[in-house]
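Reader: I'm new to this one, so please take me closely through the part where the chain begins, and then show me what surrounds it and what comes after.

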Amino acid sequence: MSELTLLWLMAGAILCLMELFFPTAMVEFTMGLAALLVGIISLILPSVGLQVALWMLLSIVLLLLARRWLTPRFRPVIPDEAAMGETLTEILPGTAGRVRCDGNSWRALCEDETIAIAAEQRVEVVRREGSTLIVRPIVKAAPQF
């Protein structure tokens, strides 16, 4: 085994271990895995320039594959009709604002485009259009004596 092969294998092991102590969203791990692969390939490919180019190419390809397969596919659920929320920003007539509903912030429009909804006011989700919630203010009933 040549010194260069040993260097690639050590660099790969160190990079893979660094991912355990300094998480970098799989960047160090994929670079380390690529270095390990280049270490094995260096037994047949003696050119240092080609090894470095192969390491960079494998690092990029492995990182893209890791991000595609290992990234959680979390998408917040847009609430159905009749959910309650609270405005984070004022919703002016005909313009969008922000509403907190089920712990998430959503773009929101008022159902009645002629009225404004103040910030920190309770609203009811009437429907959704794409990722925008259509809301209406909840009017508190006046106390009866």
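Author: Let's settle one term: helices (H or I, at least four residues) and strands (E, at least two) are DSSP runs, numbered from the N terminus. Leucine 4 sits in one of these, helix H1. Before going on, note that this is a predicted model, in which local features need pLDDT of at least 70 and side-chain atom pairs count only at pLDDT 80 or more, while totals for chains, interfaces and linings use all residues. Residues are numbered from 1 along each chain as its sequence is written, and side-chain values use heavy atoms, with hydrogens and water left out.

Back to leucine 4. Its relative accessible area is 27%, which makes leucine 4 partly exposed (under 20% is buried, over 50% exposed, and partly exposed lies in between, with a 1.4 Å probe and protein chains only). If you skip the neighbours within four places in sequence, leucine 4 is in contact with Val48 and Gln51, where contact means heavy atoms within 4.5 Å. Leucine 4 and valine 48 are 44 residues apart along the chain, and their C-alpha atoms are separated by 8.4 Å.

Those partners lead us to helix H3, which covers residues 48-70. H3 has 23 residues and reaches 31 Å from its first C-alpha to its last, close to the 33 Å expected at 1.5 Å a residue (the expected span is 1.5 Å times one less than the number of residues). An α-helix has 3.6 residues a turn, so residues three or four places apart point the same way.

The buried residues of H2 are Glu28, Thr30, Gly32, Ala34, Ala35, Val38 and Gly39, and what covers them includes H1 and H3.

Now for rings. Rings of Phe, Tyr and Trp (its six-membered ring) pair if their centres lie within 6.5 Å; planes under 30 degrees apart count as stacked, over 60 as edge-to-face and the rest as tilted. By that rule there is one aromatic pair here. Tryptophan 8 and tryptophan 55 form it, and it is tilted, at 6.1 Å centre to centre with 45° between the planes. Tryptophan 8 belongs to H1 and tryptophan 55 to H3, so the pair ties together parts that are 47 residues apart in sequence. Both tryptophans are buried.

Stepping back, the chain has three helices and five strands, and from the N terminus on they run α-α-α-β-β-β-β-β. So what happens among the strands? Strand E1 (residues 84-87) has a covered face, Gly85 and Thr87, and an uncovered one, Met84 and Glu86. In a regular strand the side chains alternate between the two faces of the sheet. E1 runs antiparallel to strand E4 (residues 122-129), with three bridges joining them, and antiparallel to strand E2 (residues 97-101), with two; strands pair if DSSP finds at least two bridges between them. Glutamate 86 has arginine 122 as its bridge partner in E4 and stands opposite arginine 100 in E2.

This is also where you'll find the largest nonpolar core, with 12 residues, among them Ala83, Val99, Trp106, Val123 and Val135. Such a core is a set of buried Ala, Val, Leu, Ile, Met, Phe, Trp, Tyr and Cys residues joined through side-chain atoms within 4.5 Å. Two or more of its residues come from each of E2, strand E3 (104-110), E4 and strand E5 (132-137), and E3 gives the largest share, three residues.
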